[in-house]
Amino acid sequence: MFHQYVAAGERLRKLRLMQEKVPAELTLTPATLEKATPKYKGGILTLNKSFVIHGIPYDVWVYYIGVYQVMDKWFKSHNR
């Protein structure tokens with residue numbers, strides 16, 4: 001059991017330091033990105049009628065740093 005904890009801790013450390021990559025299973029439906037308010041429902045992020053990202057986990061979407069919801073803030077500030 002100790003060795004399982006060591007292996008899990010090592011993987012967590014590598015993920016935290018970005019030394020190990022976790023493949024993302026995202027599907028994009030790209031098109032012209034217009035100014036819009038991001039909407040998230042059931043793993044699907046809709047930026048406008050023609051720009052959709054599938055496969056975003058709920059815990060990633062609702063991740064906060066301080067008072068800011070990271071993904072929502074990023075898309076709103078980069079969607080001009």
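Predicted model: local features only at pLDDT ≥ 70, side-chain atom pairs only at ≥ 80, totals over all residues.

Student: Why does Ile 65 count as exposed, and where is its place?
Tutor: Exposed means over 50% relative accessible area, and Ile 65 has 54% relative accessibility, so Ile 65 counts as exposed. The place of Ile 65 is in strand β5, which runs over residues 64-65.

Student: Which residues of helix α3 are buried, and why are they said to line one face of the helix?
Tutor: In α3, residues 70-78, the buried residues are Met 71, Asp 72 and Phe 75. When α3 is seen down its axis, these buried residues fall within an arc of 100°, and therefore they line one face of the helix. In general, an α-helix has 3.6 residues a turn, so residues three or four places apart point the same way.

Student: What covers the buried residues of α3?
Tutor: The cover includes strands β3 (44-48), β4 (51-54) and β6 (68-69), together with helix α2 (58-61).

Student: How many helices and strands does the protein chain have, and what share of its residues count as buried?
Tutor: The secondary structure comes to 3 helices and 6 strands, which follow the pattern α-β-β-β-β-α-β-β-α along the sequence. With buried taken as under 20% relative accessible area, 20% of the 80 residues of the protein chain count as buried.

Notes
Residues numbered from 1 in each chain as written. Heavy atoms only, no water. Buried < 20%, exposed > 50% of the residue type's maximum accessible area, 1.4 Å probe, protein only. Helix = DSSP H or I, 4+ residues; strand = E, 2+ residues; numbered from the N terminus. Arc of directions from axis to C-beta. Contact = heavy atoms within 4.5 Å.
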